[in-house]
Structure formats: C-alpha cells, structure tokens
Amino acid sequence: MKAVVFDMDGVLFDTEIVCMKAWVAVAEENGMEGMETVFPHCIGLNSNDSKRIILNAYGADFDYAEFRKQTHAWFVKYIEENGLPIKPGVEEILEWLKTTQCPVGLASSTVRESVIRHLELAKIREHFMTVVTGDMVEHSKPRPDIYLRACKELGVEPKEAYAIEDSPNGIKSAFEAGMKPILVPDMIAPNEEMRRMSHKIFRDLREVMGYLKGNLAG
C-alpha cells in the first residue's frame, strides 16, 4: 500500500457532533421536528446531496439555503467560543506519516473554504499533498468520485491506498472507489454493511497508526 487519504469531520476533528447540535438547534428555533433522526443521513454528504434529504423530509419549498446559513453561523460561533475539537492521535499519525514520505491526502464532503480554515486552525494543512472537497465534485460520498479524484491527484491507484473513514457514506464511497477503507467509528456504530466494506476497524487513530506501521510502503 502506497498512500493514505483521510476524511475530516469525525476522523480528524470531533465536529460531527457539533454539526448535529447546530442543525438541531436551528431546526428547533424554526419549529422543525425530527432533525435528530434526519441529520445522521446527511453525515458524509456534500451540500447538494444533503439538500435532497432535507427537502424530502421538510418539503420542496423549504428554504435550505437560509437553513444552512443559520447552521453555519451557529457552528462558527461554537468553534470561536470552544475551539476546534481535534481527535486523539491526529498529530501523532500525521507526524509519523511525514517521516515515511507516504503520499497523504484529504477527501471531505465539506466545502473547501471550511476545510482549509479548519486545517489551518489546527496547524496541520502542510501534511496533505492534496485536499479534495465536496464542492469540487457534483456528487460526493457515498459515490466514489471524491476519493477517485484524491487518488488521481496523489498519483496512486485506488487499490494502493487506504481511506480513513468514520461514516457509512464515507466507507461506501471509499469501497466503491476500490480503496481499502479503514473504519474508525464516530457517531454511527458500524452495521453489517459497514463491517463488510471495511478493510479494518479500529477504535482510534493511534490504533490505525500501529496497523499502518506494518502495512504501508515507506
């Protein structure tokens, strides 16, 4: 194996729970019921595909753009007040990968502006040779496009790359791209389909690093 591609939210940063809090809070403010059950279906999707799910749940005339504007403001305020929550082991695995000279990329369904801002805030932007985001493809996860593009930009075949993921949509995306998905569960416990598609399942990034040390070409 020659490369590693990370998801961002739920893998590098503990931000999916913050996103859910933002969506639920704004939904309650606007009298929308059931966001707790709708939001998990949007995890790992880009804005285009999330919009389809929200409109299906709340009606075709729902003002999705205004809703996302409000949730974004709620999220930004939270991060400003509480800081960006970084997952355990992020610094260790990225620093170790740097010593191997292994190509490292990032494939996130989040819009590029937010991704770059978060990477720079955490001071880890330099570790990624390529950053592919949800607004760079028409359909992001669970379709394979975003991972295929990341592998192409890293100059490796998908079958030669690991994808580090936390969500069903992300695991399916990497699997369909022909990569070896490594699952580190976050908000959603792995079901049978996720287990079948996952090459390996670990509790955290430190365990992932231990595995990669014996299975990654230097």
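Residues 24 or more positions apart account for 65% of the contacts (heavy atoms within 4.5 Å) in the protein chain that have a separation of 6 or more. The model is predicted: local features need pLDDT of at least 70 and side-chain atom pairs count only at pLDDT 80 or more, whereas totals for chains, interfaces and linings use all residues. Residues are numbered from 1 along each chain as its sequence is written, and side-chain values use heavy atoms, with hydrogens and water left out.

**The whole chain**

Display the protein chain as a cartoon: its secondary structure comes to 10 helices and 6 strands. These elements are DSSP runs numbered from the N terminus, with helices (H or I) of at least four residues and strands (E) of at least two. Along the principal axes, the C-alpha atoms fill a box of roughly 55 × 35 × 30 Å. Of the 218 residues, 51% count as buried; buried means under 20% relative accessible area, exposed over 50%, and partly exposed in between (1.4 Å probe, protein chains only).

**The nonpolar cores**

Next, select Phe-6, Leu-12, Leu-119 and Phe-128, the residues with the most contacts inside the largest nonpolar core, which has 36 residues. Such a core is a set of buried Ala, Val, Leu, Ile, Met, Phe, Trp, Tyr and Cys residues joined through side-chain atoms within 4.5 Å. Among the elements that each supply at least two residues of this core are strand S1 (3–6), helix H5 (90–100), helix H6 (112–121) and helix H10 (205–212). Apart from this core lies another, of 19 residues, including Val-38, Ile-43, Tyr-64 and Phe-67.

Centre the view on Phe-128. Which residues does Phe-128 touch, not counting residues up to four places away in sequence? They are Phe-6, Leu-12, Leu-94, Val-104, Gly-105, Leu-106 and Leu-119.

**The aromatic rings**

Now show the side chains of Phe, Tyr and Trp; the structure holds 8 aromatic pairs. Rings (for Trp, the six-membered ring) pair if their centres lie within 6.5 Å; planes under 30 degrees apart count as stacked, over 60 as edge-to-face and the rest as tilted.

Begin with Trp-74 and Tyr-78, whose ring centres are 5.9 Å apart and whose planes lie at 10°, so the pair is stacked. Both residues belong to helix H4 (residues 64–82), 4 residues apart, about one turn of the helix. Trp-74 is partly exposed, with a relative accessible area of 27%, and Tyr-78 is partly exposed at 24%.

Move to Phe-202 and Tyr-211: their ring centres are 5.5 Å apart and their planes meet at 40°, so this pair is tilted. Phe-202 is buried, with a relative accessible area of 15%; Tyr-211 is buried, with a value of 15%.

Then select Trp-23, Phe-39, Tyr-58, Phe-62 and Phe-67, which ring pairs link into a cluster. Finally for the rings, select Phe-175: the charged end of Arg-196 sits over its ring, 6.0 Å from the centre. This description requires NZ of Lys or CZ of Arg within 6 Å of the ring centre and within 35 degrees of the ring normal.

**Ser-167**

For the last stop, select Ser-167, in the loop between strand S4 (161–165) and helix H8 (168–177). Is Ser-167 buried or exposed? Ser-167 is buried, with a relative accessible area of 2%. Leaving aside neighbours within four places in sequence, Ser-167 is in contact with Ile-43, Gly-44, Leu-183 and Met-194.
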